[in-house]
Amino acid sequence: MPRISVFILTFNEERKIEEAIRSVAWADEIVVADSLSTDRTVEIAERLGARVVEIPFEGFGKLRNDAVAETRFEWIFSLDADERCTEEARDEILRVISDLGAADAYLVPRRNLFMGRWIRHSGWYPDYRQPQLFRRGAIRFLEDKVHERYVVRGNLGRLRNAIWQEPFKDLSEVIRKMDRYSSLGAERLSAKGVRPGMGKALVHAAGAFVRHYVLRLGILDGWPGFVIALGNFEGTFYRYAKQAEAQREREAPASRRF
(Lines give C-alpha, C1' and ligand atoms only; values in the text may rest on other atoms or scores of the structure.)
Protein backbone atom coordinates (compact mmCIF):
# COMPACT_ATOMS: atom_id res chain seq x y z
CA MET A 1 0.00 0.00 0.00
CA PRO A 2 1.28 3.52 -0.76
CA ARG A 3 2.40 5.46 2.30
CA ILE A 4 0.83 8.70 3.46
CA SER A 5 2.05 11.78 5.31
CA VAL A 6 -0.15 14.11 7.32
CA PHE A 7 0.82 17.70 8.05
CA ILE A 8 -0.85 19.95 10.60
CA LEU A 9 -0.34 23.73 10.76
CA THR A 10 -0.11 25.17 14.26
CA PHE A 11 0.39 28.36 16.19
CA ASN A 12 -0.40 28.26 19.90
CA GLU A 13 -2.79 25.32 19.57
CA GLU A 14 -2.14 23.54 22.87
CA ARG A 15 -5.89 23.10 23.47
CA LYS A 16 -6.52 21.43 20.11
CA ILE A 17 -3.40 19.70 18.84
CA GLU A 18 -3.69 16.46 20.83
CA GLU A 19 -7.11 15.54 19.44
CA ALA A 20 -5.98 16.46 15.92
CA ILE A 21 -2.90 14.23 16.10
CA ARG A 22 -4.79 11.31 17.65
CA SER A 23 -7.35 11.44 14.84
CA VAL A 24 -4.61 10.74 12.24
CA ALA A 25 -2.50 8.33 14.28
CA TRP A 26 -3.03 5.79 11.47
CA ALA A 27 -0.81 7.80 9.05
CA ASP A 28 2.76 6.74 8.21
CA GLU A 29 4.09 10.08 9.47
CA ILE A 30 2.68 13.19 11.10
CA VAL A 31 4.46 16.50 10.55
CA VAL A 32 3.47 19.47 12.69
CA ALA A 33 4.42 22.68 10.89
CA ASP A 34 4.59 25.10 13.78
CA SER A 35 4.95 28.86 13.40
CA LEU A 36 6.96 29.55 16.57
CA SER A 37 4.30 28.77 19.17
CA THR A 38 4.87 30.14 22.66
CA ASP A 39 2.59 27.68 24.46
CA ARG A 40 2.83 23.87 24.90
CA THR A 41 1.93 22.98 21.29
CA VAL A 42 5.38 21.65 20.38
CA GLU A 43 5.79 19.73 23.63
CA ILE A 44 2.43 17.98 23.19
CA ALA A 45 3.04 17.19 19.51
CA GLU A 46 6.45 15.65 20.15
CA ARG A 47 5.12 13.62 23.08
CA LEU A 48 2.54 12.11 20.72
CA GLY A 49 5.22 11.12 18.20
CA ALA A 50 4.79 13.87 15.62
CA ARG A 51 7.82 15.40 13.91
CA VAL A 52 7.80 19.15 14.52
CA VAL A 53 9.33 21.61 12.07
CA GLU A 54 9.44 25.32 12.82
CA ILE A 55 8.35 27.54 9.92
CA PRO A 56 7.97 31.30 10.51
CA PHE A 57 4.60 32.58 9.31
CA GLU A 58 4.76 34.58 6.07
CA GLY A 59 1.25 33.84 4.86
CA PHE A 60 -0.83 30.68 4.64
CA GLY A 61 -0.01 29.89 1.02
CA LYS A 62 3.76 29.84 1.58
CA LEU A 63 3.29 28.03 4.87
CA ARG A 64 1.41 25.17 3.18
CA ASN A 65 4.02 24.85 0.43
CA ASP A 66 6.80 24.75 3.04
CA ALA A 67 4.90 22.16 5.09
CA VAL A 68 4.41 19.94 2.03
CA ALA A 69 8.15 20.12 1.36
CA GLU A 70 8.80 18.69 4.84
CA THR A 71 6.75 15.54 4.21
CA ARG A 72 8.27 12.33 2.83
CA PHE A 73 5.65 10.07 1.30
CA GLU A 74 3.74 9.80 -1.98
CA TRP A 75 0.34 10.84 -0.63
CA ILE A 76 -0.24 13.85 1.63
CA PHE A 77 -3.22 14.71 3.83
CA SER A 78 -3.56 18.22 5.24
CA LEU A 79 -5.33 18.68 8.57
CA ASP A 80 -5.74 21.88 10.55
CA ALA A 81 -5.39 21.85 14.32
CA ASP A 82 -9.11 22.51 14.75
CA GLU A 83 -10.06 19.57 12.50
CA ARG A 84 -10.57 15.90 13.35
CA CYS A 85 -10.37 13.06 10.86
CA THR A 86 -13.29 10.66 11.30
CA GLU A 87 -13.02 6.87 11.02
CA GLU A 88 -15.18 7.00 7.89
CA ALA A 89 -12.92 9.58 6.24
CA ARG A 90 -9.85 7.58 7.28
CA ASP A 91 -11.20 4.40 5.67
CA GLU A 92 -12.07 6.25 2.47
CA ILE A 93 -8.63 7.88 2.32
CA LEU A 94 -6.91 4.51 2.67
CA ARG A 95 -9.09 3.06 -0.10
CA VAL A 96 -8.37 6.00 -2.38
CA ILE A 97 -4.58 5.87 -2.07
CA SER A 98 -4.67 2.12 -2.82
CA ASP A 99 -6.72 2.66 -6.00
CA LEU A 100 -4.61 2.75 -9.18
CA GLY A 101 -7.32 4.85 -10.83
CA ALA A 102 -7.47 7.48 -8.07
CA ALA A 103 -7.53 11.18 -8.91
CA ASP A 104 -4.51 13.32 -8.13
CA ALA A 105 -6.13 15.55 -5.50
CA TYR A 106 -9.32 15.48 -3.45
CA LEU A 107 -11.56 18.04 -1.81
CA VAL A 108 -12.77 16.87 1.59
CA PRO A 109 -16.20 17.79 3.05
CA ARG A 110 -16.17 19.28 6.54
CA ARG A 111 -18.89 19.32 9.20
CA ASN A 112 -18.43 22.39 11.36
CA LEU A 113 -19.41 22.58 15.02
CA PHE A 114 -20.26 26.02 16.39
CA MET A 115 -22.02 27.00 19.61
CA GLY A 116 -22.72 23.35 20.35
CA ARG A 117 -24.35 22.32 17.09
CA TRP A 118 -23.52 21.12 13.59
CA ILE A 119 -23.94 24.06 11.20
CA ARG A 120 -25.73 22.61 8.17
CA HIS A 121 -26.17 25.89 6.27
CA SER A 122 -24.53 29.36 6.34
CA GLY A 123 -22.08 28.17 3.67
CA TRP A 124 -20.49 25.88 6.27
CA TYR A 125 -21.35 22.52 4.72
CA PRO A 126 -19.84 20.77 2.84
CA ASP A 127 -17.36 23.65 3.29
CA TYR A 128 -14.77 22.53 0.75
CA ARG A 129 -11.60 24.61 0.83
CA GLN A 130 -8.36 23.72 -0.94
CA PRO A 131 -7.76 20.00 -1.61
CA GLN A 132 -6.68 18.26 1.58
CA LEU A 133 -5.67 14.88 0.11
CA PHE A 134 -3.28 14.87 -2.82
CA ARG A 135 -0.35 13.12 -4.46
CA ARG A 136 3.09 14.68 -4.05
CA GLY A 137 3.61 17.26 -6.77
CA ALA A 138 -0.10 17.45 -7.68
CA ILE A 139 -0.83 20.78 -5.99
CA ARG A 140 0.87 24.11 -5.54
CA PHE A 141 -0.49 26.80 -3.26
CA LEU A 142 -0.30 30.41 -4.34
CA GLU A 143 1.48 32.48 -1.76
CA ASP A 144 -1.55 34.39 -0.51
CA LYS A 145 -1.53 35.75 3.02
CA VAL A 146 -4.99 34.29 3.73
CA HIS A 147 -7.70 32.28 1.92
CA GLU A 148 -4.94 30.74 -0.12
CA ARG A 149 -5.65 29.69 -3.70
CA TYR A 150 -4.13 26.68 -5.39
CA VAL A 151 -3.26 25.07 -8.72
CA VAL A 152 -3.88 21.34 -9.26
CA ARG A 153 -1.78 19.37 -11.72
CA GLY A 154 -4.02 16.47 -12.73
CA ASN A 155 -7.54 15.35 -11.86
CA LEU A 156 -9.52 16.73 -8.93
CA GLY A 157 -11.97 14.49 -7.06
CA ARG A 158 -14.13 14.72 -3.93
CA LEU A 159 -14.32 12.45 -0.92
CA ARG A 160 -17.78 11.43 0.27
CA ASN A 161 -17.05 11.14 3.99
CA ALA A 162 -16.60 14.28 6.05
CA ILE A 163 -14.11 15.29 8.72
CA TRP A 164 -15.13 17.42 11.70
CA GLN A 165 -14.03 20.97 12.39
CA GLU A 166 -14.58 23.13 15.45
CA PRO A 167 -13.18 26.46 14.25
CA PHE A 168 -14.09 28.41 17.40
CA LYS A 169 -14.09 27.21 21.01
CA ASP A 170 -15.98 30.30 22.15
CA LEU A 171 -16.97 33.80 21.04
CA SER A 172 -13.64 35.21 22.28
CA GLU A 173 -11.86 33.02 19.74
CA VAL A 174 -14.25 34.24 17.03
CA ILE A 175 -13.13 37.80 17.76
CA ARG A 176 -9.41 36.91 17.87
CA LYS A 177 -9.54 35.07 14.55
CA MET A 178 -11.63 37.80 12.93
CA ASP A 179 -9.02 40.37 13.97
CA ARG A 180 -6.13 38.30 12.59
CA TYR A 181 -7.83 37.37 9.33
CA SER A 182 -9.11 40.88 8.68
CA SER A 183 -5.56 42.21 9.06
CA LEU A 184 -4.23 39.65 6.58
CA GLY A 185 -7.16 40.38 4.27
CA ALA A 186 -6.38 44.10 4.36
CA GLU A 187 -2.83 43.37 3.19
CA ARG A 188 -4.21 41.23 0.38
CA LEU A 189 -6.57 44.00 -0.76
CA SER A 190 -3.69 46.47 -0.89
CA ALA A 191 -1.52 44.00 -2.80
CA LYS A 192 -4.31 43.61 -5.38
CA GLY A 193 -4.55 47.39 -5.81
CA VAL A 194 -8.07 47.70 -4.39
CA ARG A 195 -8.84 51.31 -3.43
CA PRO A 196 -10.15 51.65 0.14
CA GLY A 197 -13.33 53.55 1.01
CA MET A 198 -15.98 53.63 3.73
CA GLY A 199 -18.81 53.14 1.25
CA LYS A 200 -17.06 50.13 -0.22
CA ALA A 201 -16.55 48.68 3.27
CA LEU A 202 -20.25 49.00 4.13
CA VAL A 203 -21.45 47.58 0.81
CA HIS A 204 -19.16 44.55 0.94
CA ALA A 205 -19.92 43.95 4.63
CA ALA A 206 -23.68 44.10 4.04
CA GLY A 207 -23.26 41.76 1.09
CA ALA A 208 -21.36 39.27 3.29
CA PHE A 209 -24.18 39.29 5.85
CA VAL A 210 -26.92 38.74 3.25
CA ARG A 211 -24.90 36.05 1.49
CA HIS A 212 -24.44 33.96 4.65
CA TYR A 213 -27.76 34.62 6.41
CA VAL A 214 -30.14 34.65 3.45
CA LEU A 215 -28.61 33.17 0.31
CA ARG A 216 -26.76 30.40 2.18
CA LEU A 217 -29.73 29.86 4.51
CA GLY A 218 -27.98 30.79 7.72
CA ILE A 219 -31.40 31.73 9.04
CA LEU A 220 -32.10 27.98 9.30
CA ASP A 221 -29.14 27.57 11.66
CA GLY A 222 -30.88 29.65 14.32
CA TRP A 223 -28.89 31.88 16.66
CA PRO A 224 -25.50 30.44 15.55
CA GLY A 225 -26.42 31.25 11.94
CA PHE A 226 -27.05 34.88 12.86
CA VAL A 227 -23.73 35.06 14.77
CA ILE A 228 -21.91 33.61 11.73
CA ALA A 229 -23.50 36.16 9.39
CA LEU A 230 -22.74 39.00 11.80
CA GLY A 231 -19.14 37.82 12.10
CA ASN A 232 -18.81 37.89 8.32
CA PHE A 233 -20.24 41.43 8.27
CA GLU A 234 -17.75 42.62 10.88
CA GLY A 235 -14.78 40.75 9.41
CA THR A 236 -15.43 42.16 5.94
CA PHE A 237 -15.95 45.70 7.26
CA TYR A 238 -12.77 45.65 9.34
CA ARG A 239 -10.76 44.23 6.43
CA TYR A 240 -11.55 47.35 4.36
CA ALA A 241 -11.28 49.66 7.38
CA LYS A 242 -7.81 48.35 8.25
CA GLN A 243 -6.73 48.77 4.64
CA ALA A 244 -7.88 52.40 4.73
CA GLU A 245 -6.12 52.97 8.06
CA ALA A 246 -2.86 51.52 6.72
CA GLN A 247 -3.03 53.74 3.65
CA ARG A 248 -3.60 56.86 5.77
CA GLU A 249 -0.56 55.92 7.85
CA ARG A 250 1.57 55.57 4.72
CA GLU A 251 0.41 58.88 3.28
CA ALA A 252 0.55 60.92 6.50
CA PRO A 253 3.57 63.23 6.98
CA ALA A 254 6.09 61.90 9.48
CA SER A 255 5.37 64.80 11.83
CA ARG A 256 1.74 63.63 12.22
CA ARG A 257 2.58 60.07 13.21
CA PHE A 258 3.29 60.88 16.85
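**Salt bridges and helix packing**

Arg110 and Glu83 join their side chains in a salt bridge, 2.7 Å from N to O (a side-chain nitrogen of Lys or Arg within 4 Å of a carboxyl oxygen of Asp or Glu). This is a predicted model, where local features need pLDDT of at least 70, side-chain atom pairs count only at pLDDT 80 or more, and totals for chains, interfaces and linings use all residues. Residues are numbered from 1 along each chain as its sequence is written, and side-chain values use heavy atoms, leaving out hydrogens and water.

**The charged network**

- Arg110 sits in strand β7 (residues 110-114) and Glu83 in strand β5 (residues 83-84), 27 residues apart.
- Both Arg110 and Glu83 are buried (under 20% relative accessible area, with a 1.4 Å probe and protein chains only).
- Glu83 has a relative accessible area of 0%.
- Arg129 also forms a salt bridge with Glu83, with the closest N and O atoms 3.2 Å apart.
- Salt bridges with shared partners join Arg64, Asp80, Glu83, Arg110, Asp127, Arg129 and Glu148 into one network.
- The structure holds 23 salt bridges.

**Helices α6 and α7**

- Helix α6 (residues 198-215) packs against helix α7 (residues 222-251) at about 160°, with axes 8 Å apart.
- That angle makes α6 roughly antiparallel to α7 (over 145 degrees).
- Residues in the contact (heavy atoms within 4.5 Å) include Leu202 and Phe209 of α6 and Phe226 and Phe233 of α7.

How values were computed:
Axes are lines fitted to C-alpha atoms, for helices over the stretch in contact, and angles run from 0 to 180 degrees between N-to-C directions. Helices (H or I, at least four residues) and strands (E, at least two) are DSSP runs, numbered from the N terminus. Angles under 35 degrees count as roughly parallel, over 145 as roughly antiparallel, 65 to 115 as roughly perpendicular and the rest as oblique. Buried means under 20% relative accessible area, exposed over 50%, partly exposed in between (1.4 Å probe, protein chains only).
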